[in-house]
Amino acid sequence: MDYPRAQTDELKPYCTKLSMFMEGGVPFFSLEGLRLPAGCEPQVCDALLCPVTRDNYPSRLYFSVKVKSLYDRNWNCENARIGEKNWFAFSWKVEGANLTLAQMLMAHLLGFTKEK
Amino acid sequence: MDNPDFTRPGAEAPGPAHGGPHTTTYHVHIDGHEVAVHEQHPTGEALLALIDRKPCAFELIAEFKHRENEVIEPHQTVDLADHNLKRFITAHKEIVTITIEGSPYTIERGKRTVAEILDKVGKTPDTYALLEEKDGPPLPLPANQPVDIQGCEVFHFQVQSGGSS
């Protein structure tokens, strides 16, 4: 699955290393050292962005740890094994078919900064 | 005896190798820092930049020997050869400038709500998230936390496109 170069380039500033891989026919963007919004603990962690439908979510952002934030989140995905690592995700549905990858990432990170 | 804070023309700097006109270096005092300026008529913005300050947060004030202080606007030029010019000081503005999606907006310095900032562009937190570009790419700000505005902050907004499920 190809994504426009401009979109993948837009993701790069958010992390220290960006790569992409496929697993089970599903694309994942690996965002090493992803910066998290203010109020998160830790402030940086590794993440995986799955930009296509998975587990009944239109897209999903997985984290290497369960991030503490201003609001309690429903971490309904724990220790998902993807790319030989364990990942965590909270229940957060991002709608919008026309979002760029960076906009999609932001929409997921908004989950740390708003109540509902 | 000269006031050591006086702005004074300094030593003649060597001209370009091809023999162009010599330039004078002016030693200017800004907030107690002595900085070298290689032109006679710099702008207020250029002088602020010499001490890593920007007009979006600070104003530049020229002090003269025999007349009132004068606020130097960012694009206003100053004659450094003016013998009445003593020195410059800066002051943190009360009304500062921020940037939202590339456009400048003025706002009172201090703790501001996300709603106040989004209101500058006619948006509300119900529909839009505020993102701040600070030492890196834009990241979302919590809608219920005050934002410390000191001037020159760079913001973006994005449609609220996610929710808990």
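This is a short walk through a two-chain model, from chain B to the contact between chains and then into chain A.

Some ground rules. The model is predicted: local features need pLDDT of at least 70, side-chain atom pairs count only at pLDDT 80 or more, and totals for chains, interfaces and linings use all residues. Residues are numbered from 1 along each chain as its sequence is written, while chains are lettered from A and ligands numbered from 1 in the order in which they are written.

Let's start with chain B. It has two helices and 14 strands. Helices (H or I, at least four residues) and strands (E, at least two) are DSSP runs, numbered from the N terminus. Of the 165 residues of chain B, 26% count as buried. Buried means that 20 or more other C-beta atoms lie within 10 Å of the residue's own; exposed means 12 or fewer, and partly exposed is in between, with C-beta atoms placed from the backbone.

Now contacts. Two residues are in contact if their C-beta atoms, placed from the backbone, lie within 7 Å. Take the contacts in chain B between residues at least 6 apart in sequence: 52% of them join residues at least 24 apart.

Next, the strands. We say that two strands pair if DSSP finds at least two bridges between them. In chain B, E2 (residues 23-30) and E3 (residues 33-37) pair in the antiparallel sense over five bridges. Tyr26(B) stands opposite Val37(B) there.

Then comes a sheet. Five strands of chain B form an open one, in the order E8-E7-E13-E10-E11, with mixed pairing. Which strands sit at the edges? They are E8 (103-108) and E11, and each pairs on one side only. From one strand to the next, the twist averages 40°. Within this sheet, E7(B) (residues 95-100) runs antiparallel to E8(B), joined by six bridges. One bridge there partners Thr97(B) with Thr106(B).

On to the interface. How many residues does chain B bring into contact with chain A? The count is 16, against 25 residues of chain A. On chain B, E10 (128-133), E11 (138-140) and E14 (162-164) each supply at least two residues to that side. E14(B) gives the most, with three. By type, this side of chain B has eight nonpolar residues, eight polar and no charged. Here Ala, Val, Leu, Ile, Met, Phe, Trp, Tyr, Cys and Pro count as nonpolar, Asp, Glu, Lys and Arg as charged, and the others, Gly among them, as polar.

E7 of chain A (residues 92-94) pairs with E14(B) in the antiparallel sense, over three bridges. Lys93(A) stands opposite Gly163(B).

A helix also crosses over. H2(A) (residues 101-109) lies across E10, E11 and E13 (154-159) of chain B. It runs at about 35° to E11(B). Axes are lines fitted to C-alpha atoms, for helices over the stretch in contact, and angles run from 0 to 180 degrees between N-to-C directions. H2(A) is mostly covered, with eight of its nine residues buried. Among them are Leu101(A), Met104(A) and His108(A).

Last stop: Phe28(A), in strand E2 of chain A (residues 26-35). Is Phe28(A) buried or exposed? Buried, because 23 other C-beta atoms lie within 10 Å. Cys50(A) is 22 residues away in sequence, yet 4.7 Å away in space, C-alpha to C-alpha. Leaving aside neighbours within four places in sequence, the contacts of Phe28(A) include Met20(A), Leu48(A), Cys50(A) and Ile82(A).
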